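Here is a short tour of a two-chain protein, written to be read with the viewer open.

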Number of protein chains: 2
Amino acid sequence: MSVLVVGSTALDSIKTPKSENPRLLGGSASHAAIAASFFAPVKLVGIVGDDFPKRYVQLYRRHKIDLDGLQIVPGKTFHWAGEYEINMNNRRTLTTELGVFETFSPRLPNSHQETPYVLLANIAPTLQHHVLDQIRRPKLVIADTMDLWLNIALADLLKLIRRVDAFVLNDSEARQLTQEDNLVSALKKIHRLGPKYVIVKKGEHGSIVSSPAGLFVAPAFPLHKVVDPTGAGDSFVGGLLGYLASRKGNIDAHLRRAVVYGSAVASFCCEGFGLTRTIRIRRDDIERRVKLMETLARF
Amino acid sequence: MSVLVVGSTALDSIKTPKSENPRLLGGSASHAAIAASFFAPVKLVGIVGDDFPKRYVQLYRRHKIDLDGLQIVPGKTFHWAGEYEINMNNRRTLTTELGVFETFSPRLPNSHQETPYVLLANIAPTLQHHVLDQIRRPKLVIADTMDLWLNIALADLLKLIRRVDAFVLNDSEARQLTQEDNLVSALKKIHRLGPKYVIVKKGEHGSIVSSPAGLFVAPAFPLHKVVDPTGAGDSFVGGLLGYLASRKGNIDAHLRRAVVYGSAVASFCCEGFGLTRTIRIRRDDIERRVKLMETLARF
C-alpha cells in the first residue's frame, strides 16, 4: 500500500570540519520519501521554488515518487545551512532562508486523500494539522517533530499529538515535552497525550518504541564513520513507515521489524552527505544490514 | 568455578535532591563481589579500617563471599561522599577520604592465587598490576577502570591493558583513551592496545562488546526510576564475570548472555541506594529480568 509524505523539501548546505557541501537535496520530506520508496509507492507533498534543480526532480522520479502534490512556484526553495563540529552530535544553524516555504499550504490532490499510510514529517504543527484535515480513513498516521516546535508552537503540537496514531521524537525532545528525565516515564506521559505508539530516537544509541504490546529496545547499526547525520531521523521514520506499508496484517505484528528497517536506512543516510549515500543503495543493501543487525543484537 | 574480585571496599555517603544516605556499603569490589555472588563463589580482596561496620562483614558473609583476602586494619575505612543532581547522569564528589586505603597493597592468600576468573575492579592500575603479579594460570582476567586513572596514571593503565583478556570502560572513557569520537573506531583502537575483549558501558543506553566473534550491541533494562546509579558499572562487570564463571565451555559461547546478566544485576543496583536493593534480590529475580530483556530486544 502507498505512503503519503508531507514535510519540508529543501536545499541543505552542510559544512563539517573537513568539507563543504552546498545545496544538497534535503528537507524532512525528501529524506523520508526516499527512505520509504525502498519499500512502497510514495506520494510527496511539499513546495519548492523555480530555482529547484531539475536533477532533484529526476532523483525523486527515479525513486518512483508521485510528485502530483509537489508545488513548484516562483521564488526561492527553502535553504538551510548548518555546520557540524568534529563531534557530529553538535550542530549549529548558519542560515535558514524559508523562501517559498513561508507561504506553504499543503494541498492534497484528490488522489492523495485516501492514502492509507501518512507521514507528517517534521514541519510546523499547523501545517501537519492542515494535512490531517484533508485525509480520509487513513490506516496509520505518524507525526515527527523537532525541538523548534516544542519551543514556539507547543499548543498546536499538543493538539496534533492527540490526532495521530504514532508520535516520533528524539530523547531530548521527549524529556523537554514531559519535563521528565527518565525516558520510560516520559514515554508513559506521552501516551497520555494521545498516541497509541510512541517512538523515541536516540541516534547512535538506537530507539525505544512504546506500544500496547510493551516496550521494544531497538539497536542502532554501529557505524565506523558518520559522515553527516542530517536527515537520519527523517530517513528512520520514512523507512519505518514504508516497511509497514509493505506488510499485510496489523501494525503491531510488524512494528519492531519496521523500526529495524528504519534504523538500517538511517545508518546509510549517515554515511554520506545529505542523500548522496542513500540514493546509491538498493533494497538488497538494506536487507543485508538488517540481517547484520539481527546478528549484532542476538543473545 | 570461583571468582576473585579485587578493588575498593568503601563507605559511600550518597546525596540526591531528595535524600541523604550516609556510610552505605560501597566501593568497586563490594558492588562487583555481591553481583558475582549470585552466580559463583567469590573471593574478595580489599582493605577496610576498624571502623568498618560489622553488619557489612555479615552482609558479605551472607553472600558466601570468602573474606580471607580482606584486610581489616587500624584506621578509617575509605569514605567517599557524592551528590547527584536531578539528572542522575551528573554527579559531583564532595569528599574522598582514603583512610587505610592509602596504604593498600593487595596480598593474595595462597588459596586465592589460582582462582580461574579474576576481576580487577576499579582501583589504581599499579594495584591491579600488583594483583596480576600474584595470579597463576587464570582462565580469564577482566580489568575495569575510571576516568581518574586515564588522567593521572595513563602509562600504568596502558601497561595493564596489555596484560588482561578483557577491558571494561565507559563510552566517554573509551573516547578519551583513543582520542576517537566514533565508538566503533574507538573499540578497534583499544583492541590494538592488547585485550581480546573490549566492553564499553553506556549506562541507560546499554553496552557494546567487541570480541573476535564481532560486535554485540546489548540493551540496558529500561528502568522507570533510577534511585542511585552508584556502583552500577561495578555490578555490571561483577555479574558478567560471575555468570561466565558459572558456565562450562569457552568464553565466547557465553559472553553475550553474560553481558545481559550483568546488565540485569546493574539495573537492580540502580533501583536503590548503594547495595540496598541488590542485596534484597535473589537469582530468580535476575532470571526474570533477563527473560524480560529477551522480550524487549526481540525483533
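A residue is called buried when its relative accessible area is under 20%, exposed when it is over 50%, and partly exposed in between, using a 1.4 Å probe and protein chains only. This is a predicted model, in which local features need pLDDT of at least 70 and side-chain atom pairs count only at pLDDT 80 or more, while totals for chains, interfaces and linings use all residues. Residues are numbered from 1 along each chain as its sequence is written, chains are lettered from A and ligands numbered from 1 in the order in which they are written, and side-chain values use heavy atoms, with hydrogens and water left out.

**Two buried loop residues**

B:Ser8 has 7% relative accessibility, so this residue counts as buried. B:Ser8 sits in the loop between β1 (3-6) and β2 (10-15) of chain B; helices (H or I, at least four residues) and strands (E, at least two) are DSSP runs, numbered from the N terminus. A polar atom of the B:Ser8 side chain lies 2.9 Å from the backbone nitrogen of B:Ser28. Contact here means heavy atoms within 4.5 Å. Leaving aside residues up to four places away in sequence, B:Ser8 touches residues including B:Gly26, B:Gly27, B:Phe78, B:Phe101 and B:Asn122.

Another loop of chain B, between α7 (183-192) and β11 (197-201), holds B:Pro195. B:Pro195 is buried too, at a relative accessible area of 2%. Among the residues that B:Pro195 touches, not counting those up to four places away in sequence, are B:Ile161, B:Val164 and B:Ile190. B:Phe167 is 28 residues from B:Pro195 along the chain, yet their C-alpha atoms are separated by 6.3 Å.

**An enclosed helix and the cysteines**

In chain A, helix α3 (residues 125-132) has six of its eight residues buried, so this helix is largely enclosed by the rest of the structure. The buried ones are A:Pro125, A:Leu127, A:Gln128, A:His129, A:Val131 and A:Leu132. Their cover includes β1 (3-6), β8 (117-120), β9 (140-144), α4 (147-152) and α5 (154-163) of chain A.

How many disulfides does the structure hold over all chains? There are zero, where a disulfide is a pair of cysteine sulfur atoms within 2.5 Å. For A:Cys269, the closest cysteine sulfur is that of A:Cys270 at 5.4 Å, which is too far for a bond. B:Cys269 is in no disulfide either, with the nearest cysteine sulfur, in B:Cys270, 5.5 Å away. A:Cys269 is buried at a relative accessible area of 0%, and B:Cys269 is buried at 0% as well.

**Salt bridges**

Side chains of opposite charge can pair when their charged atoms come close. A salt bridge is a side-chain nitrogen of Lys or Arg within 4 Å of a carboxyl oxygen of Asp or Glu, and the whole structure has 28 of them over all chains.

| Pair | Closest N to O distance |
|---|---|
| B:Arg175 and A:Glu204 | 3.1 Å |
| A:Glu271 and A:Arg289 | 3.2 Å |

A:Glu204 is partly exposed, at 39% relative accessibility.

Within chain A, the loop between α9 and α10 supplies A:Glu271 and helix α10 supplies A:Arg289, 18 residues apart. A:Glu271 is partly exposed at 24%, whereas A:Arg289 is buried at 11%.

In chain B, B:Arg137 is exposed, with a relative accessible area of 66%, and B:Glu114 is partly exposed at 42%. A:Glu114, A:Arg136 and A:Arg137 are linked in a network of salt bridges.

**Where the chains meet**

Chain A can be laid on chain B with an RMSD of 0.0 Å by a turn of 180° and a shift of 0.0 Å along the axis, superposing by least squares on the C-alpha atoms of residues with pLDDT of at least 70 in both. That is the relation of a two-fold axis. In chain A, the C-alpha nearest the axis belongs to A:His205, 3.0 Å from it.

In the interface, 32 residues of chain A are in contact with 32 residues of chain B. About 2,700 Å² is buried between the chains, and carbon and sulfur atoms give 57% of that area; buried area is the accessible area (1.4 Å probe) that two parts lose on being put together, summed over both. Two salt bridges cross the interface of chain A and chain B.

Definitions and conventions. A polar contact is a pair of N or O atoms within 3.5 Å; within protein, one must be able to donate a hydrogen and the other to accept it, and residues adjacent in sequence count only if both atoms are side-chain atoms.
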